[in-house]
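Me: I am new to this structure and would like to learn how to read its features one at a time. Could you take me through them slowly?

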Amino acid sequence: MDRSFVIAHISDLHLDGSGRLLATIEALSAAIREAMADVADVPDRILLITGDLVDDPTPRALDEALAVIASFRQTGLFTDIQAVAGNHDVKRPSQRARRHDVYDHLHLPRTSKSIYYRQAGLDLVLLDSNSASISKLASGDIDENAYHALVADSARLSVELAGSMGSVGRADYAEPAENLVRVLALHHHPLPQATGEGKRFLGLPDEPLMYLAAPATFLEAATSLNVNLVLHGHRHVEGLTRYSIPDPRATSSDGDEAFWRTIYVLSCPSSTGQAGDDAGFNIVHFGPSSDAGETTYRFAIARYSRPRNDGAFRSLDSNLRDGVIKLPAGRDFSRDPAVQSMIEIGACRTLSRDQVAALVRRLLMRGAFYADGEASWASALYVYLVTSHAWADLASKFERSGRKHEVDALAAVTLLLRRLIAQSAAVLGIDDDQLDELRARRLVHRDDLQRELPGMPCTDIDVVAEARQRIQSLRDLDEQVKRLGLDLDLGGETSRQTQP
């Protein structure tokens, strides 16, 4: 199953508890449903609200916000709903003004919060960009606690990506952090906008007062976190900005996207059209796209606007084909078959024989399991390592319902995979301690491992003899797989159906 997700992005509702905006909310909900008709079968469909849910955090306004969120949930359109606070939400709590603490009432993150969507491989980071306290109104700065949380997370991920922490780190990740799609949501915009030029504050352009006070610091942290997309609201205008810096890991600069580390910054207007502004919302769809037989991942962004909150929502980018902005994701987000298998196995309580057969085919019908399919010992070692982790999950889950000869066959394959791992490591000159460390790393990224491993076999190794031994192990593997009712011809010539 291809990884994909959809985010319906709304913002700046400015509910006041009077009920005057409920009809507007119903029209917004209907427009979102229509806009999402073609992606209604995507497994992860998230409604994201980037702040200013209320105009003033009074009990009536906050209760109305809860009711609106409940109404969105009851549509069945979304699998999850998340929100961050805006500057109107966090006006100073006051008993006299009957203002309440929005963080407690609406369950919003006070600093930062990360939600991991396993199937999509999405890490959605919610960041509070308000400097709110009892004595100080929100100013748009990232407060100290939120910044420290962001930096700490950045440092942890940097260590994890470097491989020095192995499997230690965030326990619920089902794949290497380098392969996650990272979307960051906050209220205030981190970059100056080229839209809304006519907006004024005290008779002067309001732009210098609106965006984050330290955008460079924010973007540096976001870049180190491998953030791909930033979603925000606040200024009630649409906007899309691309921020790119050279990728320190790039090996070529020949006009290739791989040279750049890019963050897209997408703004959402007031979705209820407050303060006389145009209403709007965004639909962000991340997923695979096939072009000339090659599959790549991209963001497809559809922006919708309703001028002065009058009439129906229409595509803001009708000049484009289908009204959709298609942006490259910046790197290869395709999953290793073993990683995808582990995610699917983890989602099942039990496995049927048909499921086991499909998983076995996916795991073993790869070049590294055929005589002429994988010339690089380092690449083969990577495949054997990730396959062994997925196979362990498969064997553990199927042993509860499988027949004895099937369970025995799975166990025999486990031992043969260990033999292939040990042989590949020996050819490359990897000692036992390093091999133990590699085996323990459940989340390993192919590119990171390739950088760590020797590129060539040791000079004193008889590569021809080792290749013959590997083929024999693969044929032994094939005999065990036949006990599962499959004939994959492992160790033979490369099948046309093999995967890389």
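Me: Which side chain meets that of Glu406 in a salt bridge with N to O at 3.1 Å?

Reply: Side chains of opposite charge can pair when their charged atoms come close. A salt bridge is counted when a side-chain nitrogen of Lys or Arg lies within 4 Å of a carboxyl oxygen of Asp or Glu. Here the side chain of Glu406 meets that of Arg353, at 3.1 Å from N to O. This pair links distant parts of the chain, with Glu406 in helix H10 and Arg353 in helix H8, 53 residues apart. Helices are DSSP runs of H or I with at least four residues, strands are runs of E with at least two, and both are numbered from the N terminus. This is a predicted model, in which local features need pLDDT of at least 70 and side-chain atom pairs count only at pLDDT 80 or more, while totals for chains, interfaces and linings use all residues. Residues are numbered from 1 along each chain as its sequence is written, and side-chain values use heavy atoms, with hydrogens and water left out.

Me: How many salt bridges does the structure hold, and what does the pair of Arg366 and Asp336 tie together?

Reply: The structure holds 20 salt bridges, and one of them brings together the side chains of Arg366 and Asp336, at 2.9 Å from N to O. Arg366 lies in the loop between H8 and H9, and Asp336 in the loop between E15 and helix H7 (337-346), so the pair ties together parts that are 30 residues apart in sequence. Arg366 is buried, at 1% relative accessibility, and Asp336 is buried as well, at 10%.

Me: How should I read helix H13, and where do its buried residues fall?

Reply: The expected span of a helix is 1.5 Å times one less than its number of residues. Helix H13 (residues 463-482) has 20 residues and reaches 29 Å from its first C-alpha to its last, close to the 28 Å expected. Its buried residues include Glu466, Arg470, Leu474 and Leu477. Seen down the axis of H13, the buried residues fall within an arc of 160 degrees (taken from the directions from the helix axis to the C-beta atoms), so they line one face of the helix. The face turned away from that buried side carries the exposed residues Val464 and Arg468. Among the elements that cover the buried residues of H13 are helix H8 (353-364), helix H9 (377-398) and helix H10 (404-427), where contact means heavy atoms within 4.5 Å.

Me: What is the phi of Asp52, and what is that of Asp322?

Reply: Most residues other than glycine have a negative phi. Asp52, although not a glycine, has a positive phi of about 50 degrees, and this residue sits in the loop between strand E2 (45-50) and helix H2 (59-74), buried at 1% relative accessible area. Asp322 has a positive phi of about 65 degrees and lies in the loop between strand E14 (314-315) and strand E15 (324-328), where Asp322 counts as exposed at 66%.

Definitions and conventions: Buried < 20%, exposed > 50% of the residue type's maximum accessible area, 1.4 Å probe, protein only.
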